[in-house]
Amino acid sequence: MTKTLYAEFTVKAGSEARVAEMMVELTRHVRNEPGNELFLPYTREENPREYFVFEVYRDEAAFQAHITADYGARFNEELARHIEGDASELTWLNPVL
């Protein structure tokens, strides 16, 4: 069964370069994970600080391994410092049902 993760967030002014680096780093990690079919971060042309990220896994085991991966927590912790709004609103790693 295919599983999908989705995230949406706006980057603080001045954090654009660091978040872009983080997305490149995360892409390298995630694309090499077993079971990963897609990792796609992108921004809107009209607001390049607004990110949308999709991840798709082809099976439950790969999905669970990803969302419990150690680097995910560290990544989220840093990302939370670079986004606008309450960090608890960050939807990163939430599955699309």
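R44 and E50 form a salt bridge, with their closest N and O atoms 2.9 Å apart. E50 is buried at a relative accessible area of 16%, while R44 is partly exposed at 36%. The model is predicted. The salt bridges come to 8 in count.

**Salt bridges between elements**

- K3 pairs with E60, the closest N and O atoms lying 3.1 Å apart.
- K3 sits in strand β1 and E60 in helix α2, so this bridge ties together parts 57 residues apart in sequence.
- E60 is partly exposed, with a relative accessible area of 34%.
- E16 pairs with R49, and here the closest N and O atoms are 4.0 Å apart.
- This pair links distant parts of the chain, with E16 in helix α1 and R49 in strand β3, 33 residues apart.
- E16 is partly exposed at 33% relative accessible area, and R49 is also partly exposed, at 22%.

**A salt-bridge network**

- Salt bridges link R18, E21, E25 and E78 in a network.

**Nonpolar core**

- The largest nonpolar core has 20 residues.
- Within this core, F9, V19, M23 and L79 touch the most other members.
- At least two core residues come from each of β1 (3-10), α1 (16-31), β3 (47-57), α2 (60-67) and α3 (70-81).
- Helix α1 gives the most to this core, with 5 residues.

Methods. Residues are numbered from 1 along each chain as its sequence is written. This is a predicted model: local features need pLDDT of at least 70, side-chain atom pairs count only at pLDDT 80 or more; totals for chains, interfaces and linings use all residues. Side-chain values use heavy atoms; hydrogens and water are left out. A nonpolar core is a set of buried Ala, Val, Leu, Ile, Met, Phe, Trp, Tyr and Cys residues joined through side-chain atoms within 4.5 Å. Buried means under 20% relative accessible area, exposed over 50%, partly exposed in between (1.4 Å probe, protein chains only). Helices (H or I, at least four residues) and strands (E, at least two) are DSSP runs, numbered from the N terminus. A salt bridge is a side-chain nitrogen of Lys or Arg within 4 Å of a carboxyl oxygen of Asp or Glu.
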